[in-house]
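Here's a walk through one chain, going from the overall layout down to individual side chains. Have the viewer open as you read.

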Amino acid sequence: NTPLTGHNLSLSGGTAGATYFVGLGYLYQQGLLKSINNNRYNLVANLQITPTKTTTVALTLNGFNSVIQRPQTDFSLFSTNLWRPTSALQFSNGLLA
């Protein structure tokens, strides 16, 4: 078992003409080895304004930053797990495979 911890904080409120929501999150996940871990920070922000009965203006922001710590290795068990199926394969000269 590896440690996993997460914390979230959210604020919301507003009036009849404007509402808001802000959410912050933090996730820490340790890997199977102590030299591997992940720190992830999340942000969600929503703002909705209704200036007239027929008009609504909304703004939504979502983002995250993930800091992954892992050892540098050559082609091995670690590096084979780093390739993602959405990553394009490339030859050493830069051309796509």
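## The overall layout

The chain has one helix and four strands, and from the N terminus on the elements run β-β-β-β-α. Both kinds of element are DSSP runs numbered from the N terminus: helices are H or I with at least four residues, strands are E with at least two. What you're looking at is a predicted model, where local features need pLDDT of at least 70 and side-chain atom pairs count only at pLDDT 80 or more, while totals for chains, interfaces and linings use all residues. Residues are numbered from 1 along each chain as its sequence is written, and side-chain values use heavy atoms, with hydrogens and water left out.

Buried residues make up 10% of the 97 residues in the chain; buried means under 20% relative accessible area, exposed over 50%, and partly exposed in between (1.4 Å probe, protein chains only). The accessible surface of the chain comes to about 8,100 Å², and 59% of that belongs to carbon and sulfur atoms. Those areas come from the Shrake-Rupley method with a 1.4 Å probe, and for residues only the protein chains shown count as cover.

The chain averages a pLDDT of 83, and 77% of the residues score at least 70. That score is the predictor's confidence in each residue, from 0 to 100.

The strands make an open sheet of four, in the order 1-2-3-4, with antiparallel pairing. Strand 1 and strand 4 (55-69) are the edge strands, each pairing on one side only. From one strand to the next the twist averages 5°, using axes that are lines fitted to C-alpha atoms (for helices, over the stretch in contact) and angles that run from 0 to 180 degrees between N-to-C directions. Two strands count as paired if DSSP finds at least two bridges between them.

Going across the sheet, strand 1 and strand 2 (residues 18-30) pair over 11 bridges in the antiparallel sense and form a hairpin with three residues between them. In that pairing, Tyr 26 of strand 2 is the bridge partner of His 7, and Leu 24 is the partner of Leu 9. Strand 2 and strand 3 pair over 13 antiparallel bridges, and a hairpin of six residues joins them; here Val 22 has Ala 45 in strand 3 as its bridge partner. Strand 3 (residues 37-52) and strand 4 then pair over 14 bridges, again in the antiparallel sense.

## Burial along strand 1

Is strand 1 largely in the open or largely buried? Of the 11 residues of strand 1 (residues 4-14), the number buried is zero, so strand 1 lies largely in the open.

The structure holds one aromatic pair. Tyr 26 and Tyr 41 form it, in a tilted arrangement with 5.1 Å centre to centre and 45° between the planes. The pair links distant parts of the chain, with Tyr 26 in strand 2 and Tyr 41 in strand 3, 15 residues apart. For the cut-offs, rings of Phe, Tyr and Trp (its six-membered ring) pair if their centres lie within 6.5 Å; planes under 30 degrees apart count as stacked, over 60 as edge-to-face and the rest as tilted.

Tyr 26 is partly exposed, at 26% relative accessible area. Tyr 41 is partly exposed too, at 42%.

## Around Asn 37 and Tyr 28

Asn 37 lies in strand 3 and counts as buried, at 11% relative accessibility. Leaving out residues up to four places away in sequence, Asn 37 touches Tyr 28, Gln 29, Gln 30, Gly 31, Val 67, Ile 68 and Gln 69. A contact here means heavy atoms within 4.5 Å.

Tyr 28, in strand 2, touches Pro 3, Leu 4, Thr 5, Asn 37, Asn 38 and Asn 39, with residues up to four places away in sequence not counted. Tyr 28 and Ile 68 are 40 residues apart in sequence and 9.9 Å apart in space, C-alpha to C-alpha. In strand 4, Ile 68 stands opposite Asn 38. For the chain, residues 24 or more positions apart account for 32% of the contacts with a separation of 6 or more.
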